[in-house]
Amino acid sequence: MWKQRPRRRVLAVASGGGHWVQLMRLRAAFVGTEMHYATVDSSAAADVAPAPLWTFVDSNQNTKLKLIMTTLKLTWIVLRVRPDVIVTTGAAPGYLALRVGGLLGARTMFIDSIANAQELSMSARLSKGHADRLLVQWPDVARETGADYSGAVI
């Protein structure tokens, strides 16, 4: 008797605002997986139901204490979810989740924001050496940085 292969568990992580909007536009790509989402706003649960939504403190390079709290919370989320894959559209929290997940053996993908039409964002630059795949939404940025281009989310 053949065992049915379990569905891949995916953790999709994004900060609020445009990062979250772009992540939500990728939902169709996750059909057939066991999805978990993580972001800064608990009201986003309505956007992803029935998938679980995990929340963390919004932070960036200028809010060092919050960044530490975000790192701890994302580590806890990754340990609880145990994803096979982590996908993020940024920003700093996405990079942090990607790093923690990568250390635990998850495959990782960073999709840089469409707003970065000239160069990689800081979190994408940091992810470049750590993500299994780095995607950008502008062909010129891909050519200049060595990232992959497969089209735009928007």
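**Close-up 1. Asp148 and its salt-bridge partner.** Asp148 is partly exposed, at 32% relative accessible area; that label covers the range between buried (under 20%) and exposed (over 50%), using a 1.4 Å probe and protein chains only. Its side chain meets that of Arg133 in a salt bridge, 2.9 Å from N to O. For the term to apply, a side-chain nitrogen of Lys or Arg must lie within 4 Å of a carboxyl oxygen of Asp or Glu. Asp148 sits in strand 7 and Arg133 in strand 6, 15 residues apart. Strands (E, at least two residues) and helices (H or I, at least four) are DSSP runs, numbered from the N terminus.

This is a predicted model, where local features need pLDDT of at least 70 and side-chain atom pairs count only at pLDDT 80 or more, while totals for chains, interfaces and linings use all residues. Residues are numbered from 1 along each chain as its sequence is written, and side-chain values use heavy atoms, leaving out hydrogens and water.

**Close-up 2. Strands 5 and 6 side by side.** Strand 5 (residues 107-111) and strand 6 (residues 133-136) pair in the parallel sense over three bridges; pairing takes at least two bridges found by DSSP. Ile111 has Leu135 as its bridge partner in strand 6.

**Close-up 3. Arg107 and Asp132.** Here the side chains form a salt bridge at 3.8 Å, N to O. Asp132 belongs to the loop between helix 5 and strand 6, and Arg107 to strand 5. Arg107 is exposed at 53%, whereas Asp132, at 43%, is partly exposed.
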